[in-house]
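Morning, everyone. Let me bring up the structure, and then we'll walk through strands and aromatics.

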Amino acid sequence: MAGAKRGLNVLISIKKGSEYKVVGGQRGATLNRGSETLDVSNKATGGAWKEFITGAKEWSIDGDGILIDGDEAFGMLEEAFLSGEYVDVKIGDDAGWGFEGKAIITDFPVEAPYDDALSYSMTLQGTGALNKISALLSAKSK
């Protein structure tokens, strides 16, 4: 299928200096995007049907994987979680599809089951704008 993308190629990365470091051992990555709706119904809008406009937008990234001992990006996430610092995060592929923004870590469990590998999951709550990477690349090249 032309234009289809494989989820396998989409990775979560954390920015260190001027470059991004891929969080190792990933299995899943989800970009959540949402928008509030504001009820603007009134007596002049027809009465029987509500009307809405778009309100503030929000985004977050959920990810999980196998914990890789010594992974630099995972270590950066641990430091940011413990200190309450923001992280610059990117979710995307090598072909230029993706998004980036600033986030805080709101959920960061490590699971150690008896009969499986040590694993992690995370929720990165976006703060501020979510920027489309391809739009940033074309803007920088102008």
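In what sense do strand 6 and strand 9 pair, and over how many bridges? This is a predicted model, so keep that in mind throughout. The answer is antiparallel, over two bridges, with strand 9 covering residues 131-132. F99 stands opposite K132 in strand 9.

Now the other partners of strand 6. Strand 5, residues 87-92, runs antiparallel to strand 6, residues 98-107, and six bridges join them. Here I91 stands opposite F99. Strands 5 and 6 form a hairpin, with five residues between them. Look at G96 in that turn: its phi is positive, about 100 degrees. Strand 8, residues 119-126, also runs antiparallel to strand 6, joined by four bridges. In that pairing, A103 stands opposite G126.

On to the aromatics. The whole structure holds four aromatic pairs. One of them is F74 with Y120, a tilted pair at 5.2 Å centre to centre and 55 degrees between the planes. That pair links distant parts of the chain: F74 sits in helix 1, residues 72-83, and Y120 in strand 8, 46 residues apart. Buried or exposed? F74 counts as buried because its relative accessibility is 6%. Y120 is buried too, at 3%.

Next, W97 and F99. They pair edge-to-face, 5.7 Å centre to centre, with 85 degrees between the planes. F99 is buried, at 8% relative accessibility. W97, at 29%, counts as partly exposed.

Last item, the cluster. F74, F81, F108 and Y120 form one aromatic cluster.

Conventions. Residues are numbered from 1 along each chain as its sequence is written. This is a predicted model: local features need pLDDT of at least 70, side-chain atom pairs count only at pLDDT 80 or more; totals for chains, interfaces and linings use all residues. Side-chain values use heavy atoms; hydrogens and water are left out. Two strands pair if DSSP finds at least two bridges between them. Rings of Phe, Tyr and Trp (its six-membered ring) pair if their centres lie within 6.5 Å; planes under 30 degrees apart count as stacked, over 60 as edge-to-face and the rest as tilted. Buried means under 20% relative accessible area, exposed over 50%, partly exposed in between (1.4 Å probe, protein chains only).
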